Structure formats: structure tokens, C-alpha cells
Amino acid sequence: MNGAEVLLHALERQGVEIVFGHPGGAIMPVYDALYDSKIRHVLVRHEQAGAHAADAFYRASGRPGVVFATSGPGATNLVTGLATAMMDSSAVVAITGNVPTALIGTDAFQEADVYGITGPITKHNYLVKNLADLPRVVAEAFHIASTGRPGPVLIDVPKDVQMAAFEGTEADFDVTIDLPGYRPTVKGHAGQIRKATEAIRAAERPILMVGGGGQVAAEEVMAFAERTNLPVITTLMGIGAYPAGAPQALGMPGMHGTVTANRAITHCDLIVGAGLRFDDRVTGKISRFAPNAKVVHIDIDPAEISKLVRAHVPVVGDLRDVLPRLGDQLDRLAIDDWWATLNDWKGRYPERYATEKPLVSQEVIELLREATGGDCVVTTEVGQHQMFAARLFPTSKPRTWITSGGLGTMGFGLPAAIGAAFARPGETVVCVAGDGSIQMNIQELATIAKNRLPIVIAIANNGVLGMVRQWQELFHAQRYSEIFLADSNPDFAKLAEAYGIEGHNVHDRETARRLVPEVLARGGPALINFVVYEAEKVYPMVPSGAGVDEMLIGDQEPDPVPDAPEPAGAKA
Amino acid sequence: MSTRKHVVSVTVRDEPGVLVRIAGLFARRGFNIESLSVAQTETPGLSRTTFVVSGDTATIEQVQKQLQKLIDVIKVVDHTETKFVDRELMLIKVAVRQPEDRVEIRQIAQDFRARIVDVDRRALTFEVTGDEGKMSAFIEQMREFGIIETIRTGRVALPRSAGAPAVRPVRAPKVA
């Protein structure tokens, strides 16, 4: 066995069946070994797309996604993908070729300090200089990537290591993980759980906020919510961890959250945060965030607890361990008054948008939901369409809502759809995109065409960078700087057809209503380009730097709702 | 919240680039290192980094938690919370402008228990060990003669008492 074969064998031992990647000079021995391997390789057209596909593969399946890239430019192209996976806690194992060890540090052809570059954007990384280390490194990489708070791990393998003769035996692949510096706390501390129980019992207006960590614990979240009767807010990353349509669901919080969710945060007296990190897009101005609330923060990453929002009761552990134990000590909470208030808000602020204008993004997205019944995988790009989709097309099952939340990576959605399609064969994947984002990895239409993937791409094409336009309209005196795309956008339907994918351009409501169910019934691959109203804005909106209680409600009626009853001793 | 100096020691696996990981973490999270020293420990395969960082309690807590997240970091101890001894070593080169200075400089050095490590016609170089206060005091005393150059190691620290090692002995990683 040479090093490349050792690598593939070690991957097989981890249960890897599929990898995404793009070959190049410094990783050729691996691609040569791949030629005889059982591992399926999906050729992407850009390494960034490979990283996103691997990321989405994990998010959709729970199994680490693997991506291959060559040295230098191949590896640097992974950077955005790794940073995306890092921010959203996604288990990706990236394997990069590097120049031979003797050439490292000499500015060799296609050399980059990949180990140095990727350190800050991976959970851990390795530069393997001795082949004997490789079986252990691969085992450790999968262990680190997929346990605790998941994250990307990169293994950089110089070409001479790939070609070296392996002197070990099969026994070397039976690796006992020995990482004294890495022992994630899975089991919650009993004393902290008891304190959390007491805090929940004492609360009059509690809420449960579920983040991306909930994707692994959807059953536990559901059981806990049902048992306690807690109102449930799901963050952008938590969509699907608790069904959006459930009676206890208040929707998404934060910058483009629902009125009900943001108001609940402002008036609650207890937040049970489960598997989330209180990102600034969720909290708005921290000093105005949940001013009356105690915080029970449950997370597997102790560094997230009290990082931004001070936790009164920190609980470090896996939600799958902590939530059931917490639930066991609680009964249905007597919070009927709180529920009456919340239901009143929900009734006053349904999702609404004007349809007397030209076709708008929101109705396109609703058509997609109606046609699929929400029973599909949704990936999104980043921008207005992403926020509309989060609110109007949230999925109901875990691991079916795949979006770049933390890094906000335009160009994520299309390759993510590829990863999700391979992760969940037989399921339709809908990629909701904008005309700006879709062009950031549009070359992946080739990968979709080649593999005939059941992906339906819906472009809400407003001819501008919509979210930037919205900010410019609201906060930059309508100085529309560098946002116009319409004059030079391609004919998206023709472009899809050029790749061998069914393509449609849709300009009106009637065609949209007819076409969406038809195309989704066929299941893709297909691309539908919906030309939509340019100036539509995402509301509600919490302006950057404002508190979540200061949201702009936009076209909706001015806020007539009196504040909730103030708790005793609360700040004015 | 009040900002104060914390002496934190971090036990790490001797892996290539581990110092870069620590330094990079400080830089990108906006923590300020005032001094840093690294050396091997009594256990093969493990090194100890001691650094002084200033910040409020929340910042220092984040520093520790973020350090703990690094896979190569085995143990993080904030000595500020316990009794500890800390020392620093300084080499200082003092100008000898006129012969009578030499006697006076040596007299002061003796009071500080500073050792002469190099003698030159126009300069004396001393090794000074001690805490930060001693360093500053010595520098002050030497200023009037003229300080040519100084270099300092940064602080190293260990908790007091024999029974409580800062780092529980851990099995050293296998060195391949």
C-alpha cells in the first residue's frame, strides 16, 4: 500500500462512501488510488463547491462530509467552505494534497501554507509528514469533526507521503483515540440541571430557544416542548429541529425574525437556550436583549456559554442528554396567561405581504412550499430570499433546512443542494436562490446535470442584490451603489438548458402557479427563474445595532400592541 | 468590571505550530498578551506556556475557554485565582561612562542580587531574576547610568505548595 491507498483505506474504515472533490497535481496519487476504490467521487467544478457539498452532506445526513482538493489554489479555494462549516458547526473532513515535504517552504509551484491558512477556520488541522501517522490522523480527524461541537478538520498530505510505501499493517488502522486535550462534556451536570429546573419552575413567562444544536436532538426537543408547554423559538440554524407549524412554535428570532418571537424575547422572564450561541443577528443590541430574563444556557461548547449573553444557569452537555433529564423533573408549566399574550401577538402578526404588485419573492417561495407540502430538503443562498424562505418555507424535519447562517456565504446554496441530494437519496431538494448568489457557484449546474440530481433551483430574480439594496434604501438614503444585476444577468433558463437542465423563465403569477407544481412533480433537475419585484423588502427588520424590541414592521400595520405586563422589579 | 493582569499557564502537546495556534487565537479574538514564555515541562512531549494577559473577568474566562478548545491544549490554569510564585529573568546592559560609576553600579547590583554575566570597558551586563516589581526597580536604579539594552523572558509561574501541581500528570502522547 502507498500513502494514497492508506488514506482511502482509512476513509473506508470510517464508513466513507462518497467524497466531493477536484483533482490536481499534488493530490494525483490519491486520485490514482481512487480509480480502483469503492469510494465514489463526485467531481465538482470548483473546490469551494466541494467544501459546501461536503458540509451539506453532513448537515443532511449526520455523517461527516469529505472533500478532496489539491495544493495551493485548490486548497485556498476550500477556505470559504471551511469557514462556513466552522461557523455553522458542520463536520467536514477536508483532505488536501501538498507539495513534497522537501519542497515545503520553498515557494514551490502551487504551494501555499494551507496548514497555517486553515488553522483559524477549522476545529483542528494536520500536516502529515510521516506516513505512519496517517491512519491515526484520519481516525482522529473524524472523531474531532463529528463529536462535541462538530466542525471541519483538514488533513494536509504532501505528495511524497501519498507515494511512500506503508510499512505498517492492518492493525495500525485500529486506532484508539488518545487526545488528552479533547474530551467534550456530553453529560450535563446534575446540580446544574436541578438549578435549571428550579429556574424554569419559577418562571412566569419562559421561552425555549433552539439553535443548530437542536438538529441532532429533534426528538428530545419535541418531547421537552410537549411536556413543559414551553413556547418554542427556532433560530435560523434551528429550523427543522422543531416543526415550524407546531402550535407552540413562535418562529424565528432576531434581525428578520417574527414579531411574536422578538416580542417574546423582550418580555420573557426566562430563556432556555438550547444548542445556540446567541449570535448578534439573533440578539440585536445585547443590552436590549431579553432585559427581564434569566438565562438557562445548554450547550456542548462551554466557550459559548456567557460569551455574549450572560447565563444565570450554565449547563454544558449534549441536548440529547440534558433535555430528557430536565424534562423528567418538570411537569406542564402553568403559563396560560403568557400563552394568551403570545397567541394574541401571533394572531395580530401573521406573515403577510402585498400581492397587488408584480410577482414577489414571498409568493414564489410559498408556491414552493405548497407544491412540496414542506416535505423536501431546502437549501438556500444568502440574502433576502434566504430570510423569506426561513419564514415562509421552513421545513418540519431536522436536517432538512440547510443554509449558511454564521458566515452568510453567498454561493453556498447550489453546491449545498448537491451535498444534500447525495446525503438523502430519493428526496427532492429545493434550492432557493437569488440572482446574485446563484452566480457565485453557478458552474455547479454541470455537477447537477452530470449526476441528474433531483434538485429544483428556484431563483427569486429581482435584478439587484436585494439585501444590499434594502439596506441602501433604508439606511443609505437610496444611494444604490453597485447592486444592479439585471442589465447583465444571463438568460437563466437558457443557461440551464446549455448545461442540459430543464430551464424556465417566469414573469407572471399565473405561469408561476401552473409551473411550480408541474416541475416539482417531475422532481428535477430543473431551474426556474422567477422575475420578481425589485424593491420588495424583508420585514420585520431589526436595524443593525438596534434592539430586537426596536424592529421595523414595514408594510404591516403600525405596532398597536401594548407591552406585556411588566414583571415586578423589571427595568423600565 | 475591573481589568487586571492574569498569569495563565497552558500545558500543550509539543506539536508543530501549537504556539501559532495560541498566538493566532489571541490575535483574532482581540486578547492582549503582555508577555509570553514557552518551555518544555518535566513530562516529555508536553510544553508549558505562561502568559500574562489583562482583562476583566469575562474576558479572562473567554480566553481560558477558547484556549481549552484547542485540541493540543491539555490544561489551562489561571494562577491569579490561587497562590503562586512567579519569576522573570532579565538581561540588562548598563553603560559605564566613567570609572567611578563601575563601583556604584556593582554596589546596587549586589543589593538586587543581580549577577554580572558580561564585563566590558564601557558596559556591564547583569542577569536579574525576580518578580515584576524587582525588574522595574532595578531598571529605575540603572537609568541614571544609562541603559544600553534589556531583554526579558516574560513571567513564568507555578502554584505554591507541593501537593497541587498546576497540571495533573497526564500520559505523554506517543511520539511517533
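Student: Is Asn229(A) buried, partly exposed or exposed?

Tutor: This is a predicted model, and within it Asn229(A) lies in the loop of chain A between helix H10 (218-228) and strand E8 (232-234). A residue counts as buried if 20 or more other C-beta atoms lie within 10 Å of its own and as exposed if 12 or fewer do. Asn229(A) has 17 other C-beta atoms within 10 Å, and therefore the class that applies to Asn229(A) is partly exposed.

Student: Which residue is joined to Pro525(A) by a cis peptide bond?

Tutor: Pro525(A) lies in the loop of chain A that runs between helix H21 (509-522) and strand E18 (526-531). The omega angle of the cis bond is about 5 degrees, and the residue joined to Pro525(A) through this bond is Gly524(A).

Student: What is omega for the cis peptide bond between Tyr539(A) and Pro540(A)?

Tutor: Pro540(A) is found in the segment that follows E18 of chain A. For the cis peptide bond that joins Tyr539(A) and Pro540(A), omega is about -5 degrees.

Student: How many residues are in the largest nonpolar core?

Tutor: In soluble globular proteins, nonpolar side chains tend to be buried together. Here the members that touch the most other members of the largest core are Leu7(A), Val67(A), Val92(A), Ala458(A) and Phe530(A). For Val67(A), leaving aside neighbours within four places in sequence, the contacts include Val19(A), Phe20(A), Leu78(A), Val92(A) and Ala94(A). The number of residues in this largest core is 201.

Student: How many residues of strand E6 of chain A are buried?

Tutor: Val153(A), Ile155(A) and Val157(A) point one way from E6(A), whereas Leu154(A), Asp156(A) and Pro158(A) point the other way, and all are buried. Strand E6 (residues 153-158) of chain A is largely enclosed by the rest of the structure, because the count of buried residues is 6 of the 6.

Student: Which residue of chain A is the bridge partner of Pro158(A) in E6(A)?

Tutor: E4(A) and E6(A) pair in the parallel sense, with 6 bridges between them. Within E6(A), Pro158(A) has as its bridge partner Asn98(A).

Student: Which helix of chain A stands between E5(A) and E6(A) in their β-α-β unit?

Tutor: Strand E5 (residues 124-127) of chain A runs parallel to E6(A) and is joined to E6(A) by 4 bridges, with Tyr126(A) opposite Ile155(A). The β-α-β unit that these strands make is right-handed, and its helix is H7 (residues 134-146).

Student: What is the strand order in the open sheet of 6 strands in chain A?

Tutor: The pairing in this sheet is parallel, and its edge strands, each of which pairs on one side only, are strand E9 (249-251) and strand E12 (313-316). Inside the sheet, strand E7 (residues 206-210) of chain A is joined to E8(A) by 3 bridges, and Leu208(A) stands opposite Val232(A). The order is E9-E8-E7-E10-E11-E12.

Student: Which strands stand at the edges of the open sheet of 4 strands in chain B?

Tutor: This sheet is antiparallel, and its strands follow the order E2-E3-E1-E4. Each edge strand has a single partner strand, so one side of each is left without a neighbour in the sheet, and these strands of chain B are E2 (33-40) and E4 (73-78).

Student: Which residue stands opposite Ser9(B) in E4(B)?

Tutor: Strand E1 (residues 4-13) of chain B and E4(B) run antiparallel and are joined by 5 bridges. Across this pairing, the residue of E4(B) opposite Ser9(B) is Val77(B).

Notes. Residues numbered from 1 in each chain as written. Chains lettered and ligands numbered in written order. Predicted model: local features only at pLDDT ≥ 70, side-chain atom pairs only at ≥ 80, totals over all residues. Helix = DSSP H or I, 4+ residues; strand = E, 2+ residues; numbered from the N terminus. Core = buried A, V, L, I, M, F, W, Y, C linked by C-beta atoms within 7 Å. Contact = placed C-beta atoms within 7 Å. Pairing = 2+ DSSP bridges. Right-handed = clockwise from strand over helix to strand, strands pointing away.
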